[in-house]
Amino acid sequence: MSGLTLGDPHRTVRTAAVCHEVTASVLGVLEQEPVDLLITYHPLLFRPVRSLLAGPGPEGLAFRLIRMGVALAVAHTAFDVCPGGAADALADALGLGNVDGFGAMETSSQIKVVTFVPSESTEEVAEAMAGAGGGRIGQYRGCSYRSEGVGAFLAEDGTDPAVGEVGEANRVAEVRLEMIAPAFRKDALATALVAAHPYEEAAYDIYPVSANLPLLGRVGTPSAPVSGLDFCERVAEALDVDAVRCRGVDEGPVGTVAVLPGAGGSFLSEGASAGADLVVTGDVSHHQMAQASHLGVGVIDPGHAPTEAPGVARLAELVAKVVPRTVDLSGLRPGPEVRVRRR
């Protein structure tokens, strides 16, 4: 759900706006202050649609953006997991130090492509696969693994082997070349591999993998000793909420805190495994709260959008560094939270 959703990928961006979620209020501002690109944290279109028609709802908002000539890009999970993104921003907002990641998450389908190449042709084939989108891990590209071995084959009549002889049992020094890639690049990688491979019949395997998964949450320690109840106050103040939901939080000292922006209730066991005695996240259900009790971890739930707000503010700061004019709409926090102040 991350990346460019609406618009021309080749258009030059001179003005941009950043928001937490695309709402009628956000579009109302953009009608007064037009921009080339709107960058939103929450996706606008969560599900495939058959049409974009004027009217209420996500499809109607998308129609308005197109009519206004505003492209739309989504940050969401890609920004949650990246270094310095929403998860790190939440940890920073709550004053956590010694921060590490936890909670591996499958953000997109991946494949591994394996082929067997004569030693002298390894670099050529590897470069072709990398050029087709293979071998990227984080900020590293052209990543591959290579192991030496022996390929065995018998070329039948009518073949024209690049190495070896027809009608003989051949043994050739080969390199097993492996690369991971996004699943949607499968066809491009296969095409590039076969085109660059010197063999008449290139042998290769493609299979799905879970590899180099990004970490959704962060775990760290408070900068100074604090009780659980005082940490609840810190969460409410830092995230600008009047109250928080909590369970398993008392006057005892807080040692290690896990944080996850958005709805992180499904990662409570991972937080406990990471050594946290307290988890801060949003949208924790009754049954997840009960699970936390069994796991021996406390939970503080300030709401979905508040846990994401530090990340959205940081996203606006980052965009402002690269776009000449940026409209910061990160303060337009989306619902459905309704805060009622007690008298």
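## Packing of helices α1 and α2

Helices α1 and α2 are roughly parallel to each other, a term that covers angles under 35 degrees. The angle between α1 (residues 24-32) and α2 (residues 57-68) is about 10 degrees, and their axes lie 11 Å apart. Axes are lines fitted to C-alpha atoms, for helices over the stretch in contact, and angles run from 0 to 180 degrees between N-to-C directions. Helices (H or I, at least four residues) and strands (E, at least two) are DSSP runs numbered from the N terminus.

The α1 side of this packing consists of Ala24, Leu27, Gly28, Leu30 and Glu31, which meet Leu61, Arg64, Leu65 and Met68 of α2; contact means heavy atoms within 4.5 Å. By class, the contact of α1 with α2 has 6 nonpolar, 1 polar and 2 charged residues. Here Ala, Val, Leu, Ile, Met, Phe, Trp, Tyr, Cys and Pro count as nonpolar, Asp, Glu, Lys and Arg as charged, and the others, Gly among them, as polar.

## Basis of the model

The model is predicted: local features need pLDDT of at least 70 and side-chain atom pairs count only at pLDDT 80 or more, while totals for chains, interfaces and linings use all residues. Residues are numbered from 1 along each chain as its sequence is written, and side-chain values use heavy atoms, with hydrogens and water left out.

## The largest pocket

The largest pocket holds about 1100 Å³ of space. On a 1 Å grid over the protein atoms alone, a pocket is an open set of points where a 1.4 Å probe fits, with protein on both sides within 12 Å along at least five of seven lines, and lining residues have an atom within 4 Å of a point. Grid points are joined across faces, edges and corners, and the volume is the space filled by probe spheres set on the points.

Of the 27 lining residues, Val81, Thr107, Gly138, Asn212 and Pro214 are the closest to the centre of the pocket. The lining divides into 15 nonpolar, 10 polar and 2 charged residues.

Thr77 belongs to helix α3 and is buried at 16% relative accessibility; buried means under 20% relative accessible area, exposed over 50%, and partly exposed in between (1.4 Å probe, protein chains only). Leaving aside neighbours within four places in sequence, Thr77 is in contact with Ser2, Met105 and Thr107.

Lys112 lies in strand β6 (residues 110-118) and is partly exposed, with a relative accessible area of 22%. Beyond four places in sequence, Lys112 is in contact with Glu178, Met179, Ile180, Asp205, Ile206, Tyr207 and Val209.

Gly217, in strand β10 (residues 215-222), is buried at 0% relative accessible area. The C-alpha atoms of Gly217 and Ala263 are 11 Å apart, although 46 residues separate them in sequence.

## Positive phi in loops

Most residues other than glycine have a negative phi. Asn212 has a positive phi, near 50 degrees. Asn212 sits in the loop between β9 (204-209) and β10 and is exposed at 52% relative accessibility.

Asp240 also has a positive phi, of about 60 degrees, although it is not a glycine. The loop between α7 (228-238) and β11 (245-247) contains Asp240, which is partly exposed at 48% relative accessibility.

Technical notes: Parallel < 35°, antiparallel > 145°, perpendicular 65-115°, else oblique.
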